[in-house]
Amino acid sequence: MGETLPFLRNSYWILRHGKSIPNENGLIVSSMANGTLEEFGLAPKGIQQAKLAGELLDKELKARNIPIEMVQICYSPFSRTTHTAKIVADVLGISFKSCQCKAMTELRERFFGPLFELLSHDKYADIWVLDEKDPFTSVEGGESVADVCSRLSIALTALEAAYQGCNILLVSHGDPLQIFQTILYAAKDKTSAEADISSRIKQVMTHSILSQHRKFALPTAELRQIK
């Protein structure tokens, strides 16, 4: 297994999807209904970025002598993340239809609410200002930082129960992945050694921690290892 946090059974890699058509058009596409439409998939540049990310991961796995059989790819069901995950799987030589690739709804984009859906991505700044004030409150009909944290906790708990000693790639979106990093690194530093995953995450779901998720922001198609 590769490097990991001491309280995890698996090693985790995170990858934000490649540049998407919504990115190119400057649109917020965060609902499941819109996000799974093919018209909101990867842009040509995003396809190229996903291929490069796959090649980088392949290089990292080989450098650590990690067999491809010990790799799992879990991804958001949105079209832009599904396409990114498939490209990476192809580069690694993993069949996208195999049990090594799995869509997880818990990894979906943060829903910013009907008031922001399909509006300019300039509105993200307004949402992040609200996050800093209160990460437990959302814009009407949308998800708060804490809401996203709760479903990511469900995903992580399920993965830790299902696998051991694997390298797991999570292909998701900007806000979920920065929230994921926020809670894991806080759990590493601020929780007791005896606590299970779910308990650790609950312990760090505080205003002072969740309100700072933006410091873990990822550019499109950036690959990182959680360690």
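This is a predicted model: local features need pLDDT of at least 70, side-chain atom pairs count only at pLDDT 80 or more; totals for chains, interfaces and linings use all residues.
Two strands count as paired here if DSSP finds at least two bridges between them. That criterion applies to Cys74, which stands opposite Leu170 in strand β4.

Strand β4 covers residues 167-172, and six of its six residues are buried, so the strand is largely enclosed by the rest of the structure. Its two faces can be taken in turn. On one side lie Asn167, Leu169 and Val171, and on the other Ile168, Leu170 and Ser172; the residues of both sets are all buried, which leaves both faces of β4 covered.

The strand has pairing partners as well. Strand β1, residues 11-16, pairs with β4 in the parallel sense over six bridges. Within this pairing, Arg16 has Ser172 of β4 as its bridge partner. Strand β2, residues 71-75, also runs parallel to β4, and five bridges join the two. Leu170, one of the buried residues of β4, is the residue that Cys74 faces.

Among contacts between residues at least 6 apart in sequence, 80% join residues at least 24 apart.

For overall dimensions, the radius of gyration is 17 Å, which agrees with the value near 17 Å for a compact globule of 227 residues. The C-alpha trace spans about 45 × 45 × 25 Å along its principal axes. Of the 227 residues, 54% are buried. The accessible surface comes to about 10000 Å², and carbon and sulfur atoms account for 53% of that area.

Some single residues deserve a look. Asn34 sits in helix α2, residues 32-35. With a relative accessible area of 18%, Asn34 is buried, because the cut-off for that class is under 20%. Leaving aside residues up to four places away in sequence, Asn34 touches Val29, Phe40, Glu117 and Leu118.

Leu118 is not a glycine, yet its phi is positive, near 70°. Its relative accessibility is 39%, so Leu118 counts as partly exposed.

Ala221 also has a positive phi without being a glycine, in this case about 65°. Ala221 is placed in the loop between α9 (207-210) and β5 (223-226). Its relative accessible area is 15%, and Ala221 is therefore buried.

Gln212 is found in the loop between α9 and β5. With a relative accessible area of 39%, Gln212 is partly exposed. The C-alpha atom of Gln212 is separated by 34 Å from that of Leu92, and the two residues are 120 residues apart along the chain.

Notes
Residues are numbered from 1 along each chain as its sequence is written. Side-chain values use heavy atoms; hydrogens and water are left out. Helices (H or I, at least four residues) and strands (E, at least two) are DSSP runs, numbered from the N terminus. Buried means under 20% relative accessible area, exposed over 50%, partly exposed in between (1.4 Å probe, protein chains only). Contact means heavy atoms within 4.5 Å. The radius of gyration is taken over C-alpha atoms; the globule rule is 2.2 Å times the number of residues to the power 0.38. Accessible areas come from the Shrake-Rupley method with a 1.4 Å probe; for residues, only the protein chains shown count as cover.
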